[in-house]
Amino acid sequence: PLTLDDFEAINRCERTLPKNFNFAGDVLDQWSQKEKTGERPASPALWWVNGKGDEVKWSFGELSSLSRKAANVLTKPCGLQRGDRVAVILPRIPEWWLLNVACMRTGLVFMPGTTQLTAKDILYRLRASKAKCIVASEEVAPAVESIAPDCPNLMTKLLVSLHSRKGWLSFQELFQSASEEHSCVKTGSQEPMAIYFTSGTTGSPKMAQHSHSSLGIGYTLCGRYKMRYLKSSDIIWNMSDTGWIKAAIGSVFFSWIRGACVFVHQMAQFDTDTFLDTLTTYPITTLCSAPTVYRMLVQKDLKRYKFKKLRHCLTGGEPLNPEVLEQWKAQTGLELYEGYGQTEVGIICANQKGQEIKPGSMGKGILPYDVQIIDENGSILPPGKEGEIALRLKSTRPFCFFSEYVDEPEKTAATMRGNFYVTGDRGVMDSDGYFWFVGRADDVIISSGYRIGPFEVESALIEHPAVIESAVVSSPDPTRGEVVKAFVVLSAPFKSSNPEKLTLELQDHVKKSTAPYKYPRKVEFVQELPKTITGKIKRNALRDQEWGR
Ligand code: BCO
C-alpha cells in the first residue's frame, strides 16, 4: 500500500502516479487494518451528532464494512455499473459518507449537491449529467418527483429515510439485507470519480470532473498545509455543506488520509450559539469554516466560551478580513489560518503553520503548485502588480487538476492562457511571496463562501411578471463579505407597487426558483440599466458603483 511519503513524492513529481488508485481500498481499508493491529488510536473515523441526542460513531473498520453493504445496494438492486453517474443530494447525515465511499468502491461517479437545490436546479443537473440514479432525502424527494419524468436517463430513485415512499427504492431497507462482501473496483488513477457543478459568469453551472487521483491523492496533499494541523488522534469539524468540494477535502480526503476523526454536527439551520456550544461540548481539536462563520462568531462574547480541545482554526472559500482574524485571536487566543482555492484545483495558497501570518493575505503558494500573478498575455507580473492569479503548468497537466468541464471543451480550454491555468480571481503577490486577493476577474459573486453566477439569478428574476430585465452584481456586506444585489427594471403594471413588498416577493420568488443561497439580499428598482452601444448590460459599471470605485 501507498504510504503518506509516497503521496508526498507523487506530489513532488519524484514518483509517478500509480496506474490504479482507489481511496477506499488504498487508504480507508488500510486504516481499518491499522485499527486491528492497534496502530491507530481508538477514536472513531466518523463521529456524527444532531443536537437531538442522536449520535453515530464509526471506526474505520465499521466504515469499511458498512460502505461495502452500501456498495452492494448501488450495484445490485439499483443496477448501477462502473462509470455511471449518481446524483447525491443529502444533508449532513452519516449515509452521505457511506454513499461517497460506496461510489469509490464501485467506480461510480459521485455528484453531490446541496439540499438547497430546487426542482429546476435538479432537473438541469440530472439532464446535463445523464445521471442514472439520484439519492435523496425526504425533504428533496417532492422536487425530484416533479421533474423525474423529464430525465430520460434516470433509472433509479433511492431514498434515504426511515419511511418508504412510492416510486423510490428504500436505502434503509436494502441496506439491512445487503451483503458485507464486496471487492473494491481497481479504478484507474485518472478514472472519473466525482463531478461538482460550479457557477460561472454565463450560462448554467459547469460540470467540473475530478479523478480518483486528483481528489484521492492530489487534494489530500494540496490540503497538506492543513495536515500539519492534523494527526490521527485529532478530531476535525469541517462545517461545509455536503454539496461543496470543501466537504470532500475537509470531511473526507485530507482528514482520512491522516486517519483523523471527522466530526459532523447536523444542525437544522446554522446558529452561532449551537455552534459555540458544540465547541465547548465536544473534544474537537481542528475547526474549518467559511470566513462568514468567523465574522458571525466574533460578534459574540467569545471569552465566555471555554472550548474543550480546540487548537487549530482554518478558513477558506472567500476572503477573510484582517480585523476578523485579529478579533478571533484576541478573544480565543487561537490563530486563524486562511487557505485559498477553488473547486477545479483544490487549495493553492495558504497561511501555513510556522510561517508568519500577514493578516489580510491568503499566504503563499503551496506545492505542487507554482502560483503566479499574470497579465492578459500570460506574462508573469512582478511583486506588487495586480493581475490574475494563475498556476504555471509544466509539460503535462498536473494530475491534481480537475480533468475537464464535462461536454464543454471550449470552456475547459478557456481556463488556459499560455502555460498557465487562470483561476478567474485577481490578486497581488508581495515581495515576500504572499498573495493578496483583490476580487473576481469576471462577474461571479462570492458570497458567504458560495460561488454564485449572476446569470442564474437574472434567469430566475426574469420569470417573475414584474421584471422586464435585471442586472445582478456583488455588493459589499459586513458579515457575508459580499452579497447578491439585483438592479431591476419593472414592467408597467408593477411600476407603482410598494417597493418593500415587491422586494420580498422577488426574493421569495428567486428562493423558490433556484437554490435559496443565491437570492438577492439587496434589490434596487431602476428605470434602465447601463448598456454598451451594442446593447450589452454593463454589470461592471453597477458593480463599481456598489463598491464605490
Ligand atoms: O439568511 P436568510 O435567512 O435570509 O436566508 C437563508 C436561508 O434562510 C434561506 N433558505 C434556505 N433554505 C430555504 C431558504 N429559504 C426558503 N426556502 C428554503 N428551503 O436561504 C438563505 C441561505 O443562505 P445561507 O446558506 O448562507 O444560510 P445561513 O444560515 O445564513 O448560513 C450561513 C453560513 C455561513 C453557514 C453559510 O452561508 C455557509 O455555509 N457558507 C459556506 C459555503 C461554503 O462552504 N463554501 C465553500 C465552497 S467550496 C470552495 O470554496 C472551494 C475551496 C477549495
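Strand S1 (residues 46-49) runs antiparallel to S2, with 4 bridges between the two; strands here are DSSP E runs of at least two residues and helices H or I runs of at least four, numbered from the N terminus, and two strands pair if DSSP finds at least two bridges between them. This is a predicted model, where local features need pLDDT of at least 70, side-chain atom pairs count only at pLDDT 80 or more, and totals for chains, interfaces and linings use all residues. Residues are numbered from 1 along each chain as its sequence is written, and side-chain values use heavy atoms, leaving out hydrogens and water.

**The sheet**
- Trp47 has Lys57 as its bridge partner in S2.
- The open sheet has 9 strands, in the order S2-S1-S11-S10-S12-S13-S14-S15-S16, with mixed pairing.
- S2 (55-58) and S16 (364-365) sit at the edges with a single partner strand each, so one side of each has no neighbour in the sheet.

**The hairpin**
- S21 (residues 420-429) and S22 (residues 435-440) pair antiparallel over 5 bridges, and Met429 stands opposite Phe435.
- The hairpin leaves 5 residues between S21 and S22, and Gly433 in the turn has a positive phi of about 85°.

**The ligand**
- Ser448 has a polar backbone atom 2.8 Å from a ligand nitrogen, a polar contact (N or O atoms within 3.5 Å).
- Ser240 puts a polar side-chain atom 3.2 Å from a ligand oxygen, while a side-chain N or O atom of Arg521 is 2.9 Å from an oxygen of the ligand.
- H10, H12 (291-297) and S14 (336-342) each supply at least two residues of the shell around the ligand.

Key. A polar contact is a pair of N or O atoms within 3.5 Å; within protein, one must be able to donate a hydrogen and the other to accept it, and residues adjacent in sequence count only if both atoms are side-chain atoms.
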